Amino acid sequence: MSVIYVLLAISISVAVCFFAAFVFSVKKGQYDDVYTPSVRMLFDDELRKDTDNPDQNKKQIKQTESTNQ
Amino acid sequence: MANTTCYHCGDECEKNGVQFDEKEFCCNGCKTVYEIFSSNGLSTFYEIEAKAGTTPNELRGKYNFLDNQEIVEKLVEFNEEGVQVVSLMIPSIHCSSCIWVLENLNRLHPAITVSQVDFPKKTIRVTYKTGDFSLKALVLLLGSIGYEPNISLETLEGKKNTVDRSLIYKLGVAGFAFGNVMLLSFPEYFEVEEFWLDQYKGVFRWLMFAFSLPVVFYAAQDYFVSAYKGLRSKLLNIDVPIALGILVLFLRSTMDVALDLGSGFFDSLTGLVFFLLLGKFFQQKTYAYLSFERDYKSYFPIAVTRLGTDGKEEDIQIYKIKKGDRILIRSQEIIPVDCILIKGTAEVDYSFVTGESQAVFKESGEKLFAGGKQLSGVLEVEVLKSVSQSYLTQLWGNSVFSKDKASQFQTLTDRIGKRFTIAVLTIAFLATAFWLYYDSSMALNVFTAVLIIACPCAIALAAPFTLGNMLRIFGKHRFYLKNTNVIERLAQIDMAIFDKTGTLTTTKRETILYEGVELTTEETALLKTTLRASNHPLSRSLYDILKSNAIMTLDEFQEHTGKGIEGRANQHSIKVGSATYVGKETTAELANTAVYVSSDEDVKGRFVFKNTYRDGVKEIFADLASYMEVGILSGDNDGEREQLEKILPSQAQLLFNQKPEDKLEYIGKMQKSHQVLMVGDGLNDAGALAQSNVGVAVSENVNVFSPACDGIMDASSLGKLPTFMQLSKKSIQVIKLSFMLSLCYNIVGLYFAVTGQLQPVIAAILMPLSSISIVAFTTVCTNILGKRLK
């Protein structure tokens with residue numbers, strides 16, 4: 001049953017890793033704005049192509065629109 | 001013609017609607033934004049949310065001050081190697097379409113690299129290359145699509161906030177520890193006689209101790225600090241029993257574990273701290289995009305045009321204006337300093353500053369005070385005092401503005417907390433004394449058990465959750481409060497004072513009455529055509545109410561600023577303007593604004609502009625007067641006295657011609673015997689709003705400036721004011737009810753504690769159970785109450 005020491009050590013270190021990840025994300029500012037990311041992820045953004053032809057973009061948008069129907 | 005709504009912004013397309021690309025728009029502005037979006041591949045804007053657009057405002061020369069590099073330096077966050085980063089506040093952000101189009105700004109101009117929106121704060125952070133682009137170009141671009149940023153003196157002053165994330169960290173630590181300690185304490189809950197358990201329980205117990213250390217010394221810090229401060233000033237606030245509880249829990253558990261008396265109460269300890277911090281977090285709801293602390297700095301523009309000695313115009317920051325400078329003030333601009341009029345006719349609207357609803361006319365050589373808005377025509381003025389010395393800014397030097405209302409108010413929780421602490425300590429001592437006599441080994445056990453189980457956490461959670469939820473409900477109905485403390489203060493109000501101009505009256509619609517000889521159809525048509533050519537606000541209001549469809553072309557049109565306008569067509573002429581301009585000698589000084597009309601030099605009559613009162617004003621007074629006193633303090637003259645006496649109860653006070661200081665003094669006088677609520681809108685109410693127990697600013701557009709206050713109310717919700725007051729009172733009742741509920745839990749727990757039967761598992765069950773049920777109860781109650789507002 002002394003394996004319990006090993007089990008406890010592993011589970012606690014895993015937990016501490018997650019905690020460290022939490023602290024890191026708070027520091028980076030991910031919790032400053034908790035609303036906008038929820039909206040942002042729902043946008044259907046087609047890949048932005050660096051094109052100097054806006055008409056081509058419009059055609060592509062029309063295409064994705066028709067396929068999304 | 002069928003009434004359709006604009007494809008871009010959703011407003012009604014009236015007669016001057018514009019058709020484009022098989023779609024209807026209410027105006028050219030909306031149509032232009034549609035064009036910009038569709039030609040740049042941004043038409044998804046309309047698919048995410050229909051009619052989400054905002055009509056762009058005319059910008060004209062408004063942002064010329066951004067050519068000044070000094071100002072730009074102060075506004076941008078980062079400026080190096082041809083790249084600039086700026087954070088702008090855009091009040092018109094209101095939906096997901098806005099977020100989408102603003103994060104796709106780079107499609108509108110290649111120099112923009114990244115833009116990110118922070119929706120709750122209504123700000124956007126843009127990174128752009130300064131090669132052939134600039135901050136001014138960015139601002140104009142945003143304005144052209146209907147997202148004009150708000151740049152005021154306050155934004156220039158300083159980047160205030162370093163974000164305070166400590167509560168999130170503490171909550172994270174407490175939650176992490178709580179979860180782990182609960183897992184580790186499971187074995188001993190079940191109390192099964194296992195050999196291995198006896199062998200290893202030491203490990204488990206010391207691990208629990210280790211997890212509790214950061215909770216007690218870091219996460220619960222605030223409670224200890226607050227309790228210490230409270231005790232030092234001889235106050236027993238709610239944090240005292242909480243801190244006491246945490247301390248006793250920790251010490252008793254450590255002792256139990258060290259001396260092998262039991263498994264300790266670490267699970268209850270970490271759970272307690274976690275729930276308390278959760279309550280604090282929930283209470284923290286703030287409206288990041290509204291500011292309740294605005295002073296004159298957010299009202300004034302950043303820069304003005306100064307005329308150099310050589311006649312050259314340059315834009316300078318308003319702080320740099322010195323005495324003797326000559327500055328230019330254009331139409332619809334605000335006069336930033338006390339000055340003397342040199343050239344031009346001044347027609348200044350001081351309604352926001354003094355509450356006078358009539359514009360003031362000044363001639364060359366007369367003094368102009370800061371804060372008014374010039375209505376039409378350009379003025380050249382000579383500065384008398386710098387910005388910080390003008391009469392208006394001096395008002396903010398009054399000590400009333402540094403008063404902190406929240407700290408001086410003893411909340412319900414604190415009052416109950418005081419009695420709670422005393423009661424618990426009494427019970428603890430009595431029980432200990434009893435056991436000392438009966439079986440002294442149990443004495444310490446019982447003493448600490450009582451202090452542990454008499455959980456103040458339900459009391460500490462009732463108020464945050466109730467008031468926090470109520471704050472949200474109010475916000476949904478466009479009544480934005482600064483913090484939960486305001487609701488408690490609102491519940492105690494027994495006197496309500498209102499400002500008149502802008503608060504009870506609205507400038508959006510005006511009641512215009514015609515007195516005089518009836519105008520013929522031709523005269524009306526000519527009048528309307530003439531008015532169409534003028535940009536003056538009074539002309540526009542008058543234009544809207546005239547019923548005539550025959551718009552003709554004028555042969556001649558003349559506008560004399562400050563006097564009136566004249567139009568000629570088909571051998572007839574018409575003059576509209578002040579009495580003297582039109583040729584009428586007036587003997588009586590009319591209290592309300594009046595515009596005279598003469599046709600072919602023959603004075604026909606006048607249009608009198610009466611204040612239009614907002615919907616529901618009469619009902620507000622009828623409702624409030626039934627249980628509190630009401631009154632009106634106005635900076636305007638008493639022309640409306642009769643009208644107001646009709647809608648107010650007979651004993652209400654009606655005072656006119658009140659200057660800002662008068663209002664402040666009056667409120668102070670009333671406070672000797674009442675708890676006063678002040679409802680106002682303008683700078684002239686600023687002192688009164690700060691002095692009153694609760695100050696509410698009414699605003700037609702909450703994104704625009706409102707003076708420092710405890711709450712901002714959208715003008716459309718003014719009619720709900722009595723309901724808001726009722727709900728505040730009911731919230732306090734809900735809190736009291738939940739105190740009763742927590743009392744039940746405490747009695748059950750105390751039974752176990754006093755008889756010496758308190759096992760860790762019982763404490764671990766009771767604590768979360770009471771917390772969660774209080775939270776559920778208060779949330780359900782406030783939501784039910786909130787339905788009254790619908």
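Q: Which residues of chain A does the UniProt annotation "transmembrane region" cover?
A: In this predicted model, the annotation, which comes from an unreviewed UniProt entry, covers residues 6-26 of chain A. The span is 100% helix and 0% strand, and its end C-alpha atoms lie 30 Å apart.

Q: What confidence does the predictor give to chain B and to the complex?
A: The mean pLDDT of chain B is 84, with 95% of its residues reaching 70 or more, while the complex is given an ipTM of 0.74 and a pTM of 0.80. Where pLDDT is low, the predicted coordinates should not be read in detail.

Q: Why is helix 26 of chain B called roughly antiparallel to helix 27 of chain B?
A: Helix 26 (residues 721-754) and helix 27 (residues 760-786) of chain B pack at an angle of about 160°, with their axes 10 Å apart. Angles over 145 degrees count as roughly antiparallel, and therefore helix 26 of chain B is described in that way relative to helix 27 of chain B. The crossing of these two helices of chain B is right-handed. Among the residues that meet there are Leu727(B), Val734(B), Tyr745(B) and Phe752(B) from helix 26 of chain B, and Ile762(B), Ile774(B), Phe777(B) and Leu785(B) from helix 27 of chain B.

Q: What makes strand 3 and strand 5 of chain B edge strands?
A: Four strands of chain B form an open, antiparallel sheet in the order 3-4-6-5. Strand 3 (78-80) and strand 5 (112-118) of chain B each have a single partner strand, so one side of each is left without a neighbour in the sheet. On average, and with direction ignored, neighbouring strands of this sheet are turned by 15° against each other. Helix 4 (residues 96-103) of chain B packs on the sheet, where it touches strand 5 and strand 6 (123-129) of chain B.

Definitions and conventions:
Residues numbered from 1 in each chain as written. Chains lettered and ligands numbered in written order. Predicted model: local features only at pLDDT ≥ 70, side-chain atom pairs only at ≥ 80, totals over all residues. pLDDT = per-residue confidence, 0-100. UniProt positions renumbered as here; feature names shortened; annotations may be inferred. Axes fitted to C-alpha atoms, helices over the stretch in contact; angles between N-to-C directions. Parallel < 35°, antiparallel > 145°, perpendicular 65-115°, else oblique. Left-handed = near helix turned anticlockwise from the far one by under 90°. Contact = placed C-beta atoms within 7 Å. Pairing = 2+ DSSP bridges.
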